[in-house]
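Trainee: I would like to learn how to read a model like this one. Can we go through it feature by feature?

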Amino acid sequence: MNNFTYQKVSNPNDALNKISKNNAANFIAGGTNLIDLWKYNLAHPKTLVDINGLNDYKAIKEDDHGGLFLGALATNSDTAYHKLVEERYPLLSKAILAGASAQIRNSASNGGNLLQRTRCYYFYDASSPCNKRNPGSGCPAKNGLNRIHAILGTSEDCIAVFPSDMCIALAALEAVVHVKSPDGEREIEFSNFHRLPGDTPELDNNLKENELITGISLPSEGFAENYSYLKLRDRNSYAFALVSVATGMVLENNKITKIRIALGGIAHKPWRVVAAEEFLVDKSPTEENFASAANMILKGAKGFGKNDFKIELSKRAIVRNCIMALDPESQRPGAQPSL
Amino acid sequence: MKISKQIGKSVNRLEGHLKVTGAAKYAGEYDVPGLLQGYIVNSTITKGKILEIDESAAHALSGVVAIFSHNNRTKLPWFDIMYADMDAPPGTPFKPFYNDQILYNGQPIALVVAETFETARYAATLIKVTYDEEPFETELAAHLDDARDPKKGIATFIKPLPPSANGDFEKAYNDADVQYAGEFIHGTEHHNPLELFTTTTVYEGDGKLTVYDKTQGTSNCQIYIANVFGLHYKDVRILSPFVGGAFGSGLRPQYQLFLCVMASLELKRNVRVTMDRAQMFTFGHRPQTIQKTRFGATADGTVTAINHTAIAETSQHEDYTEVVVNWANMLYPAKNTLLDYKLVPLDVFSPMDMRAPGGSTGLHAIEATMDALSYILKVDPMELRLLNYAERDVSANKPFSSKELKQCYLQGAEKFGWANRKSEPRTTRRGNRLVGTGMSSGIWDVIALPAKAKASINKKGKLKVKSAVTDIGTGTLTVMTQIAADSLGIHIDDVTFEYGDSNMPLSPIQGGSYTTGVVGSAVKAACESLKKKIFKKAKKMNNSTFNSVALEDVVFEDGSMHLKQDKSNFVTFKEIIADNDGKKIKASKNNIPNVLKLKQYTRAAHSAAFVEVEVDEQLGIVNVTRAVTAVAAGKIINPKTARSQILGGMIWGISKALREETLMDHNLGKYMNTDLGEYHIPVHADIHELDVIFVDEKDDIINELGSKGVGEIGLASMAPAIANAIYHATGKRVNKFPIHFDQLL
């Protein structure tokens, strides 16, 4: 770890000023990913701007449009166990609790969750080639250990996946990310927040260098009646998703009137296919219909050898998760010990 | 006062409160004045030569004290023998910083010593190394044709090569009514104890060192350091009072010990070197192994032909071997056998013993093959084992010193409810999950080695026993204290067992499940020796009532010595020592096993595991919902710590069958999942109902305690039972560990 300067700020403008004048400065909130990256010699901040004193961004509160605003500095734990989140957005609560460990969730912030970096082995090893870490150096994952890698939206340069659970639920909920910069404030639709690797795999998202995430707003529809989050991984806790699925739906007279399906663990960003969701509208919630939608979602999926199984597993996971969403009671802790 | 016997009692760990309160100090927690911190730089190539190490940027950093590499290392001995530790396989031991050659990816090539750990770690990132790379080979499967016989050495004594062929296997196999042939693939695993390998060297001056090290053998490290650095043995003191898990990784001195001592000697300063988690993947591991079996049986279920071959990786510099294929014929008395074990040298570090080395690998192939035969024969899997029960070890033509495996089967099956099992696969469902049950036998040999202990008793009647042995978290301290208390017949609170210090009487490295038997026997022998001295002193006392009595006629219990025939004729230890002018009575004993007697018997612990799994076949999810392991391991000194050992072994079995795997990119020659986030060991959510049974077993042959040890036997039978249960649930036999989604979809 290099030597660095540490500064604690108590107002947003101060934070933004400090970061915009210093391109080797990083914000730090929970630090659950940055400190790891630093120890692995992958991040080298010269200045740390500690934003934990920005109390305005810690709140979780109802907004004026019938939705809920999640402060960027509220912890993942406080969010998952918040009464309004549990009641109105249980999908989000469930996805957050499927991730990391209690200790990490207690420290990790909501804003930080959006910015966590891939867990690709090659990215994490400073001495391996990696286009994301060192553009132009190559991607050993394509012909190497790619069991955990992407099957959709990949590029010649990068097949890494985005590791978050929380963000998969946020994608399904069609959240909006609020950011602030010295130039003002803007809102980014969740589907536009994260990027596909293309030929700039070094960029994970569309946040600009001088911007600070202030919060995430959730629309009024929380799918509190019919939702499910399914995470498939190599052990029952504390492992990143090989495939995860967030489903929220609204049913009327046993017909789907609205449905959102987002996938994690299979692409560089939370994966949604609007056409598949539209296909399901006005249809019965049957295994057959869900399977057709799953095929639409996985259209164009491509494996790299060791991750070929993810294509079929994703389809099955979508179907299973949509079925589980019909009966959220089946997801009570203990009811599904194997998931 | 009546003092109860301690052996057989579930005594709580004597050091437990120190560990859970954080008061127990580990090797990296000794703070000494002016301590410098070292950080290791590892090779990023797999094979070749170092051309240049540019240290300028690192040296320029404030706080950096020194940088060591092959360019400026201490003068080292030329001869391999000086680097050979007690556990060195045949070959050339790895010599850190010896020259510019790179033998494997992750090889230590430089050490930065600085005022703080963070400075050292940062400076290490600034060192630029230029290499001349050479082609390398790391993939076992691609080199099976290169397999050759292992070299023989001292290690072969404890790890015998396969017995020679018996009968005519090929004919018997071809003539057999039923046959099963399988191929079994095991990848690399790393020990990953929670405690990182760390050494703190205290420079005492005059060539004297006190070294706190994470190790399974203080005497082993003492000899190694003295030999390598040309020091007197008595000037090197290795201490390892607490060890945060090791599982075999501490059987050999690891390179941080070498580097730390070298830096300390060169700088004449106190130095600490700590590995990080990724560096824990840069020394020994469980080797990749590919096995083949062919078993044949008659229609009534008698196994007549056993062929078991294994090809394992080793390094280019040492022939590390395991006992993989010797077990089948010890368990099942087929008359026609063909057993073979070969090695392929690859560009990796030497493999190393990892909990149940060889046994946990070989038993998977053997027990899955037996399981497969049982389905072909339509015989219950346990019934097939009972049909082929070996009352005698036909592979060595020797009787067993004791063997209660049959009771393991029967009592384990009873507790598990095996009788209610439906024999056909894919016949039980629970919701959308298939349910299956499977079982397996387990076996692990009992090793006898010499060990020494000292015992003394003081005027307060307090007994002190010493041995250089470590306690790697298994409960050794507690168990030795129990043994000593019972030997002398005193209260456990009056016994102190001192250990983990190379200044104490020589002990073998702690491994192979033999510590309780080996060191426990030495402790008992030292106490017996002490009893003789106490007896002699008692006879010399004024008005002694024991003048005409022989040692056989007295009993040591309740803190005193009394006549066997007349309990009222007694003298307390305190009285005896008071009469000895209050001077301690001391005894020392080097306990040497009776090899001539031992070699007449096959000596082994046994187990039987019964497992239930649930498999969500659509999604490929497997859960071990319930398991029972029944163990026959001779006398159980402490049922509580022994049970913990078996539970740990069972959880490791779950890990081995379903979770654990070090992934190597063979294009880079490098292990890639080198952290505990990606090296998956089970978490709490993976563990459900586990149960342990100890079957009564009496053994007068193996050692003075009749104790066989329980470190490995819990693991040996668990992983194959899981694989067999998955077959019963799904009808799919997956012979590659760990079993993942990919193979079950």
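Trainee: Is A:Tyr238 buried, partly exposed or exposed?

Mentor: Count neighbours. A residue is buried if 20 or more other C-beta atoms lie within 10 Å of its own, and exposed if 12 or fewer. A:Tyr238 has 19 other C-beta atoms within 10 Å, so it is partly exposed. Keep in mind that this is a predicted model.

Trainee: Where does A:Tyr238 lie?

Mentor: In the loop between β9 (226-232) and β10 (243-252) of chain A. Look at its backbone too. A:Tyr238 has a positive phi of about 55 degrees, although it is not a glycine.

Trainee: What is the phi of A:Ala100?

Mentor: Positive again: about 55 degrees, and A:Ala100 is not a glycine. This residue lies in the loop between α5 (90-97) and α6 (102-107) of chain A. A:Ala100 is buried, because 26 other C-beta atoms lie within 10 Å.

Trainee: Which two residues does a cis peptide bond join?

Mentor: Check omega. The bond between B:Phe737 and B:Pro738 is cis, with omega about -10 degrees. B:Pro738 is in the loop between β31 (736-737) and α19 of chain B.

Trainee: Next, confidence. What is the mean pLDDT of each chain?

Mentor: For chain B the mean is 97, and 100% of its residues reach 70 or more. For chain A the mean is 95, and 97% of its residues reach 70 or more. One stretch of chain A needs care: over residues 334-339 the pLDDT is below 50. Beyond near neighbours in sequence, that stretch has ten contacts in the model. Where pLDDT is low, the predicted coordinates should not be read in detail. For the model as a whole, ipTM is 0.96 and pTM is 0.97.

Trainee: How do I read a helix? Which residues of α1 (residues 12-20) of chain A are buried?

Mentor: Start with the geometry. An α-helix has 3.6 residues a turn, so residues three or four places apart point the same way. In α1 of chain A, the residues A:Ala15, A:Leu16 and A:Ile19 are buried. They lie on the same side of α1(A) because they cover an arc of only 95 degrees around the axis.

Trainee: What do the buried residues of α1(A) pack against?

Mentor: Strands of chain A: β2 (25-28), β3 (47-50), β6 (176-181) and β8 (212-218).

Trainee: Now a strand. Why does B:Leu338 count as buried?

Mentor: B:Leu338 has 21 other C-beta atoms within 10 Å, so it is buried. It is found in strand β14 (residues 336-346) of chain B. Leaving out residues up to four places away in sequence, B:Leu338 touches B:Ala165, B:Phe169 and B:Asn307. B:Leu338 and B:Asn307 are 31 residues apart along the chain, yet their C-alpha atoms are separated by 4.7 Å.

Trainee: Where is B:Ala165 found?

Mentor: In the loop between α4 (155-158) and α5 (169-175) of chain B. B:Ala165 has 13 other C-beta atoms within 10 Å, so it is partly exposed. With residues up to four places away set aside, it touches B:Thr337 and B:Leu338.

Trainee: Into which domains is chain B divided?

Mentor: Read the bounds as segments. Domain 1 is 16-22 + 449-592, domain 2 is 32-134 + 197-274, and domain 3 is 143-187 + 285-447 + 599-744. The C-alpha centres of domain 2 and domain 3 of chain B lie 37 Å apart. Between them, 16 residues of domain 2 of chain B are in contact with 21 residues of domain 3 of chain B. The domain 2 side has eight nonpolar, six polar and two charged residues.

Methods. Residues numbered from 1 in each chain as written. Chains lettered and ligands numbered in written order. Predicted model: local features only at pLDDT ≥ 70, side-chain atom pairs only at ≥ 80, totals over all residues. Domains from an automatic or database assignment. Contact = placed C-beta atoms within 7 Å. Nonpolar A, V, L, I, M, F, W, Y, C, P; charged D, E, K, R; others polar. pLDDT = per-residue confidence, 0-100. Helix = DSSP H or I, 4+ residues; strand = E, 2+ residues; numbered from the N terminus. Arc of directions from axis to C-beta.
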